[in-house]
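Hello,

Here is the structure we spoke about, handed over for your own work. My notes on what was found in it follow below.

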Amino acid sequence: DITGRKWDDEKLQLAARVFSHAREGIGITDAQGTILDVNEAFTRITGYEPAEAAGQSPRMLSSGRHDARFFAQFWASLKEQGFWHGEMWNRRKNGELFAALQSVTAVRDAGGRVIHYVSVFADISQIKAHEAELDRVANYDSLTGLPNRRLLSDRLNQSIMRSYRSGKLTAVCFLDLDGFKSVNDRLGHEAGDQV
């Protein structure tokens, strides 16, 4: 009876198809962190071909934007919980930075020893750019590019809360330009922006 073996073969073929056709980048490393294999989406997102990535450390994608504390928490989560999930900034082969929503999972053998790490990530750079644009529209004047009242109110509230916590004072200075409307009316908005 070869039913069990056929079932195992079908599961392996399914896993291979999922690996190949996933929209998310997938990288598999050994227990020491050496890349063993990557999928097509990994190549599309990072620019590294499978042959270039194999044998390398995932640090080849390091953006330099995360400090030692970030990676200490990353490894602590992997060791304690067996996985890490969060946002990470990486660098493509061409040097461009990109934001990734990433999950890294430790794969263990029957004895509980880590034998592989599997990283699955999606490029969320467009989402981050959209968030930044929404923040700019909500908090900055479209004409001058200066912070608006909403951002002023937010920063002032934060400063007041910091003052309460620290026991230190906060000062606010208000500057009003008399006759500024006439500058815009007589010389135009471009001159007013320069003033």
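Of the 195 residues of the protein chain, 26% count as buried. Please keep in mind that this is a predicted model. The radius of gyration is 26 Å, whereas a compact globule of 195 residues would have one near 16 Å. Taken along the principal axes, the C-alpha atoms fill a box of roughly 95 × 45 × 30 Å.

The protein chain contains 8 helices and 5 strands. Read from the N terminus, their order is α-β-β-α-α-α-β-β-β-α-α-α-α. Glu133 belongs to helix α5, residues 125-139, and is partly exposed at 36% relative accessibility.

Aromatic contacts

The structure holds 8 aromatic pairs. In one of them, the ring centres of Phe71 and Phe74 are 6.3 Å apart and the planes stand at 75°, so this pair is edge-to-face. Both residues sit in helix α4 (residues 68-81), with a spacing of 3 residues, about one turn of the helix. Phe71 is partly exposed, its relative accessibility being 30%, while Phe74 is buried at 8%.

Another pair is formed by Phe98 and Phe121, with ring centres 6.4 Å apart and planes at 40°; the pair is therefore tilted. Phe98 is in strand β4 (residues 97-108) and Phe121 is in strand β5 (residues 114-123), so this contact ties together parts that are 23 residues apart in sequence. Phe98 and Phe121 are both buried.

Ring pairs also link a cluster made up of Phe70, Phe71, Phe74, Trp75, Trp84 and Tyr117. Phe71 and Phe74, described above as an edge-to-face pair, are thus members of this cluster. There is a charge over a ring as well: the charged end of Arg65 sits over the ring of Trp89, at 4.2 Å from the ring centre.

Salt bridges

The count comes to 9 salt bridges. One of them joins Lys93 and Glu52, whose closest N and O atoms are 2.5 Å apart. This pair links distant parts of the chain, 41 residues apart: Lys93 is in the loop between β3 (83-91) and β4, and Glu52 is in helix α3 (residues 50-53). Both ends are partly exposed, Lys93 with a relative accessibility of 43% and Glu52 with a relative accessible area of 31%.

Asp123 and Arg92 form another salt bridge, at 2.9 Å from N to O. Asp123 lies in strand β5 and Arg92 in the loop between β3 and β4, so the pair ties together parts that are 31 residues apart in sequence. The two ends fall into separate accessibility classes: Asp123 is partly exposed at 32%, whereas Arg92 is buried at 14%.

A further salt bridge is made by Arg155 and Asp154, with 2.7 Å between the closest N and O atoms. Arg155 has a relative accessible area of 44% and is partly exposed; Asp154, at 34%, is partly exposed too.

Nonpolar surface

Which residues make the nonpolar surface patch of about 610 Å²? The patch consists of Leu152, Leu156, Ile160, Met161, Tyr164 and Val172. Of these, Leu156 lies in helix α6, residues 149-166. Leu156 counts as partly exposed, with a relative accessibility of 31%.

Regards

Conventions:
Residues are numbered from 1 along each chain as its sequence is written. This is a predicted model: local features need pLDDT of at least 70, side-chain atom pairs count only at pLDDT 80 or more; totals for chains, interfaces and linings use all residues. Side-chain values use heavy atoms; hydrogens and water are left out. Rings of Phe, Tyr and Trp (its six-membered ring) pair if their centres lie within 6.5 Å; planes under 30 degrees apart count as stacked, over 60 as edge-to-face and the rest as tilted. Helices (H or I, at least four residues) and strands (E, at least two) are DSSP runs, numbered from the N terminus. Buried means under 20% relative accessible area, exposed over 50%, partly exposed in between (1.4 Å probe, protein chains only). A charge sits over a ring if NZ of Lys or CZ of Arg is within 6 Å of the ring centre and within 35 degrees of the ring normal. Patches are made of residues with over 30% relative accessible area and no salt bridge: like charges are joined within 9 Å, nonpolar side chains (Val, Leu, Ile, Met, Phe, Trp, Tyr) within 5 Å. Accessible areas come from the Shrake-Rupley method with a 1.4 Å probe; for residues, only the protein chains shown count as cover. A salt bridge is a side-chain nitrogen of Lys or Arg within 4 Å of a carboxyl oxygen of Asp or Glu. The radius of gyration is taken over C-alpha atoms; the globule rule is 2.2 Å times the number of residues to the power 0.38.
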